[in-house]
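Visitor: Could you walk me through a few details of this structure, please?
Guide: Gladly, please have it open beside you.

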Amino acid sequence: MGFRNAIHVLSLLLLIQTFSICQDPSLNKIDFEYESEVHSNCINARGHYSDQYAPRFLYCYEECLGCGNPNLVFDLKEKRFLKKEYQARITREISVDSGYIRMFKNNKWGIVDFEGRIMLPFEYDTISYYQSFSDKKVDFLAYVCKNNKYGFIDENIDFLVEPKFDSVNIHYQGLVTVKMNEKYGVLDKNANETIPIMYDSISYPMTGGNFIVYQNSKTGVVNKENNQLIPIEYDYIYDCAYSKLFLAKKKNKFTLLNLENQTLTKSYSELKYLGPTKKYGSDHIFSYKNNIGSGLLDQEGPITQEISDSLIKKVKNLDNEYYSLYYFTKNEKKGIVDENGSILIPPNYDNIESFAERKFPSELVNKFIYNPHFKNNYALRIVSENDYSYKNLSFNFLTLMRDGDSVILNVQYDKNGGFSFIPLKNKIPYTNEIVRVNTSTMTYKIDTIIPFGKKECKISYNNNSHFILRYDNDDSMPELIDASGNVTVLEFDNCYPISLGKDKGHPDLISCYKGIGRKGAFYSISKKKTITPFYSYIKYLNEEIYFAGDDSDCGHVYTFDHKRLTNKKISSYKVVVDSKQLNGFKIRKGKYFYRSIGDSIPAPMYLDRINSTFPSDVTWVAKDVKMGLGKGDSIFIEPKYDVINTWMDSIYLCRNFDEGIYIFDSNGQLAFDEPFDHISTELDKLKVKRNFMFNVLDKDLNYIFPDWYRSIDLASGSHYWNYKSGNPILYILRNGGQKIFLLKTLADEKYFDNIIGSVRLLTDSVYSIKEYGGVEKLYSMKDQIIFSPKEKNLLFYRTGTDIIQVERKLELREESVGILDNTGRWLEHENKGLGRFDSGGRGYVIWRSTDHYDIYGNNGKKLLVLPKTNKIGFIDLDILGSLLIIRKDDGTYSLQDKAGAILIPPQKYCIEPKGNNFFELRKCGWPGPKCILKVTKRK
């Protein structure tokens, strides 16, 4: 197949298993050996080749086509596989009998030809290449990296430039940007210098091979021959239109330039690019600002007068192939203008939003459904409160808000560039059924913390102790409500919890805002007052400190007793919180961190990844931008490492990028003399890699396998959600073409060799074996057969701790057969009512019969039988345990435990957990009024 006018960038940085290469030094050649094998999961090793040549090699997969990285190479000429020791990546194929292959040996790359001759020795850290194809002509350029320096080789594997560059980047035009001695330049596809290496920075190539360059804090544009198209005298340049139009800033004034450095417009105090116009295709539109106001302009000049008080913004995702719309603001009111400057919606509204910017608000999504029969397919229709089957949500809607009320408009376009707005009803009347809920059972006590009100509200949950109640489109102040229902009115415009993780808020502090500009402060729940001044920007860091200032890029770090810890203003993203070190934080500068007070020794930037895992008495130490660990005044791990992680709270994994990963115990003693190439945590063990071979360490740092393997993987069932230390683990071990299953229990090890088709761990006490061509049988851990099916098409799945799901594989689907316990006894079977299995939550298994549900616990014990309903939901809470949310045919919802005790009786409100013993009741499908219930177990 020929390739014309196609340019492909191929950048390949691959981790490939090691190759055992037999090299004859006298011949400087490796010896290819082959092994015969039948295999079908293969793809072409070359993405592109000319018409006159077929590919020589295929990449193949052992398991299935596309499963992971290819781990076999098939030689189409020899009709055999290269042995696994010779896995390779084809770099350049000239013909069936000639070409080059990249190979890996002793952690270094080299290149050999198809005859095995070594063309480039195995001493390079990286080899990557660029190829382009045009009329059967191939342009080739490859770079190599050695000792962190880059050089270039040609298609004959001859050096064009010896390694000397600090970094390289090959672009699709065949141009290469390079860095050397902190300066940048450009090379062509033959590695000739076309733009001198003299600039402080350089952009990616633009259309036509032009570059934005930076020199002495100024910027300009040069072509690939280094001719200046725009002089290097501007403070800022942005390419707006494929090297035809540039937004430029000079001496705090903005203007538009073309490639001839012609000024297309007069200067403005601000200029913002809004994108290409739809109507003309090649034109581009901007928002300008001067001392009068803001308007729209294109490269021909102003489109409008100064119609806005601030820069005009595009309405996101509210456009089609003919038109775009824009927000503008006048006297603090919003309106809409089109790209011709016509005012479509006058500035009379407090706010205007599109669906896209509101990020699918549930109150709108659940009220409307896409109507494919409406004109232009852009409308939504109102649905009833019980109809939530919405689909195909359209973006073409605006919400206009004024004086606490709102209306939704459907924006309709026509092909002539015109449009209309169709108002849609967006209010659903409140129901008289809303009541205060008070109830109790023999097992549980239920208290109403927040009763239903008559207005829409938002309730924020704060750490199992408090709620913040806020009303939309209302002047009402937010309310703080404790777990007993006591209300404190907060005299602020709004308040929010401080998030400390999933469903967790700060136990005492919340963020409150008030006034113009919504300045914020931290409010103490216990002290019932703000404990910080009000700032334009404020951010909680930890129990001792917070960041505050003019905005996120300009502020200081303060303690909660009003002490300022930073001398100069910094950005909040430069503060790395660490409550265990000194005053609780570090300052990031460039690639390094500095301790917050009195220490100018930098630590590596990777430090922020691991501090939260250090024991409280351990601190980091730094020297020459390397990291170590200390206790008190002594150092117990020398500062020689780039990254340090902890495991099991007592083992330290210390990575040096040039050497590997060393393991130290809690006393700082080196556990192994040689470093590992890679370490990963799997369950309660460490999988380690050295010289492309794998083993596993237990928590005492003992190898659990006597031999090393090409790969070690957890098999099906060995990493399920309720794994605990000591549970059985099933491994798949591979060496070459050999695959071994190993089932490890606390008391035994069971090996299954290649005569077995598959071994699977189904529960903690049951595993299955399927021999080639046979049925899958279930075994106990004592190796006794507990279930031997009579048909081959039965499938078994883990379901719960001691329950096994049985499915029958049909031609196009699977059907439920039943569920077994861990002795092979049927708990439910298709012959008992033609039922089917449904997965429950943690703690439940369901067998759905024709008229009822059988609910089982994970241990196989039947918990209760429920009449058939439309829906059963499951939740798992730390305090209350596993619970069921049940929706009945009459549309009511209730909450009960697995013993059948009712927590919340049936009612027409959706139920959602908030924390471990609070539940929110609300009208299903829209926000509206809400109610919070507190559920506690009776003693």
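Guide: Strand β78 (residues 814-821) pairs with β79 in the antiparallel sense over 3 bridges, where strands are DSSP runs (E, at least two residues) numbered from the N terminus, and two strands pair if DSSP finds at least two bridges between them. This is a predicted model, in which local features need pLDDT of at least 70, side-chain atom pairs count only at pLDDT 80 or more, and totals for chains, interfaces and linings use all residues. Residues are numbered from 1 along each chain as its sequence is written, and side-chain values use heavy atoms, with hydrogens and water left out.

Visitor: Which residue in β79 is the bridge partner of Gly818?
Guide: The partner of Gly818 there is His829.

Visitor: And what is the strand order in the open sheet of 4 strands?
Guide: The order is β76-β77-β78-β79, with antiparallel pairing. Because β76 (794-798) and β79 (826-829) stand at the edges with a single partner strand each, one side of each is left without a neighbour in the sheet.

Visitor: New topic: how many disulfides does a search of the whole structure find?
Guide: The search finds 1 disulfide, meaning a pair of cysteine sulfur atoms within 2.5 Å. Cys495 and Cys512 form that disulfide, with their sulfur atoms 2.4 Å apart. Cys495 lies in strand β48 (residues 494-499) and Cys512 in strand β49 (residues 505-514), so the pair ties together parts that are 17 residues apart in sequence.

Visitor: Are Cys495 and Cys512 buried or exposed?
Guide: Both Cys495 and Cys512 are buried, which means under 20% relative accessible area, whereas exposed is over 50% and partly exposed lies in between (1.4 Å probe, protein chains only).
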